Amino acid sequence: MPGQTRTVKSILAAALLAVSLSAAGDDHRAKINYMLYCQGCHLPAAEGLEDKVPRMSGFVGYFTHSDEGRRFLIQVPGSATAPVNDEQLAELMNWILRTYSADELADGFEPYTVAEVAELRQTPDTDPAARRKQILEDLSKKNRQLRRSLAQPATSP
Amino acid sequence: MNWLIKQLDRMTESKTRTVAQSTGRRSFMGRLAMTLTGVSALPLLPVARAQQQPGETGDPNSCDYWRYCAIDGFLCGCCGGSMNTCPPGTEMSPMTWLGTCQNPADGKNYIISYNDCCGKTSCGACLCNRNEADRPVYRPQAANDINWCIGTKHLTYNCSTAIVVGTALEQ
């Protein structure tokens, strides 16, 4: 009986490990996909280019503070039409958020799932700049840290 | 026992004196400083540091060189720069497009960043237009027909670099 308990325990542990690994995704693959499909414009450290390309570093996590912002990150054309499948897009966005903007993530942030990404990218944004502006306006009413970040010219997104 | 300790004491003293007489802290500091200066000057020597990395073969100024598989432009190596650097008087565009090329030396695919050099009129030397994996301009992030002088002071295109930024995934 104790032997059986041990076996059950180790199976459970292995299952848990598998679940946590699949949620984390493949970081190396995500990084390579970032280099190939994002970094050309968002630049190697996700710093963006003032007035041309939005900064993700130290910023993109703010979007996870609202449902609308969360949807936007997948529906923005650069994400929705990126030449990667749904699984890799979910993995890539989760990696970007964790790597470049962990401090700005909403409390209790749940990583994107493949099903969620698959559904969202079916309806890409038609006017991303306007929608982005609206989302940030709405979010900054409740988020002082975001308001400060938006007010600093040197770090304007 | 006392005798042994005295012997040891004497021996240590004489050795220490010998070392102290034949060397000096100043000479040690001098030699250390010289070594440090030498080591720090090494990267400044005019070696081909902007040229090939280990594991690369071929002529970097020839269009059939492996890194140029998706390029469309003038090779910076023929324009006063190199495949990694811009010619003097030009500025490297921070925004660019990236693709992958297979290095025949090891059969691996590498990620290549084709940053344009901007700020002087077209170089005109070593035009290279290979277009492997090039996509139409409506997929701009993989299109080489675009003038990528974006975010630079001047928008005039001069030449293109081909910088290895990583190893691609094995498909």
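Q: Which residues of helix 2 of chain A meet helix 6 of chain A?
A: In this predicted model, A:D27, A:R29, A:A30, A:K31, A:N33 and A:Y34 are the ones from helix 2 of chain A. Their partners in helix 6 of chain A are A:Q88, A:E91, A:L92, A:W95 and A:I96.

Q: And how does that contact divide by class?
A: The contact between these two helices has 5 nonpolar, 4 charged and 2 polar residues.

Q: At what angle do the axes of the two helices cross?
A: At roughly 90°, and the axes come within 9 Å. Helix 2 of chain A is therefore roughly perpendicular to helix 6 of chain A.

Q: Let's hop to the sheet in chain B. What's the strand order there?
A: The order is 3-4-8, in an open sheet with antiparallel pairing. Strand 3 (98–102) and strand 8 (163–167) of chain B are the edge strands, each pairing on one side only. On average, neighbouring strands are turned by 40° against each other, direction ignored.

Q: How many bridges link strand 4 and strand 8 of chain B?
A: There are 4 bridges, in the antiparallel sense. Strand 4 of chain B covers residues 109–113, and B:S113 stands opposite B:I163 in strand 8.

Q: Back to helix 2 of chain A: which strands of chain B does it lie across?
A: Helix 2 of chain A lies across strand 3, strand 4 and strand 8 of chain B, running at about 155° to strand 8.

Q: Nice. How many residues are in contact between the chains overall?
A: 13 residues of chain B are in contact with 11 of chain A. The chain B side has 9 nonpolar and 4 polar residues, with no charged ones.

Technical notes: Residues are numbered from 1 along each chain as its sequence is written. Chains are lettered from A and ligands numbered from 1 in the order in which they are written. This is a predicted model: local features need pLDDT of at least 70, side-chain atom pairs count only at pLDDT 80 or more; totals for chains, interfaces and linings use all residues. Two residues are in contact if their C-beta atoms, placed from the backbone, lie within 7 Å. Ala, Val, Leu, Ile, Met, Phe, Trp, Tyr, Cys and Pro count as nonpolar, Asp, Glu, Lys and Arg as charged, and the others, Gly among them, as polar. Two strands pair if DSSP finds at least two bridges between them. Axes are lines fitted to C-alpha atoms, for helices over the stretch in contact, and angles run from 0 to 180 degrees between N-to-C directions. Angles under 35 degrees count as roughly parallel, over 145 as roughly antiparallel, 65 to 115 as roughly perpendicular and the rest as oblique.
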